[in-house]
Amino acid sequence: DEIDETLAREDNILVEDETEPQSLYEWDQVRDETDTLFADADLYPQTVKMEFAADEASMTIDLSWVLKNGTSEEEAEEYAAMMVKQFNDIVAVQSTELENSSDSSFGTLWNQFALNVKVGTEDGKWLKSYKAGGKIDLAMPAAESQDGPEDVAEDVPKKEVKEPKATKEAK
């Protein structure tokens, strides 16, 4: 009897391991969120269709976004940067180990996965393409770019505090 119980326990462990392959993330949930977010024409007026493929075996994520014809390369680069950051943030919700993107970071998902990025137009012209393992040299999106002038503006008043401008504000 004891031998049978031991075998049964081992069988249960094997069955559990075989029937529950663990995925790192809930990719269906990620797909639902990306389908909703990147199809929002109010947020992304140039959007046509965003797609992704996640391959945990090779630890690679492919992101592609088709934009309307006539989209400039500058706009495509902004969209590419936004896509990489937003995708990271959507996945990061599922893990305490991942950090969200920021003004200076595309997020930490890309430390774990290689990234292939393609942004192009409906006519099949690919405006931006980055291969896995390469440096993501996308410029930060316009929202972050605007932070630059604000920082400069903050520095200027600090210098002017001692000058008449501060006096005028005091009056």
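1. Let's start inside: a polar atom of the Asn88 side chain sits 3.0 Å from the backbone oxygen of Glu99. That's a polar contact (a pair of N or O atoms within 3.5 Å; within protein, one must be able to donate a hydrogen and the other to accept it, and neighbours in sequence count only if both atoms are side-chain atoms). The Asn88 side chain also reaches the backbone nitrogen of Thr108, at 3.3 Å.

2. Before going on: this is a predicted model, where local features need pLDDT of at least 70 and side-chain atom pairs 80 or more, while totals for chains, interfaces and linings use all residues. Numbering runs from 1 along each chain as its sequence is written, and side-chain values use heavy atoms, leaving out hydrogens and water.

3. Is Asn88 buried or exposed? Asn88 has a relative accessible area of 0%, so it is buried (under 20%; exposed is over 50%, partly exposed in between, with a 1.4 Å probe and protein chains only). Asn88 belongs to helix 3, residues 73-92. Helices are DSSP runs of H or I, at least four residues, and strands are runs of E, at least two, numbered from the N terminus.

4. Now the whole protein: there are seven helices and four strands, in the order α-α-β-β-α-α-β-β-α-α-α. Of its 171 residues, 31% count as buried.

5. What about Glu33? Glu33 lies in helix 2 and, at 31% relative accessibility, counts as partly exposed.
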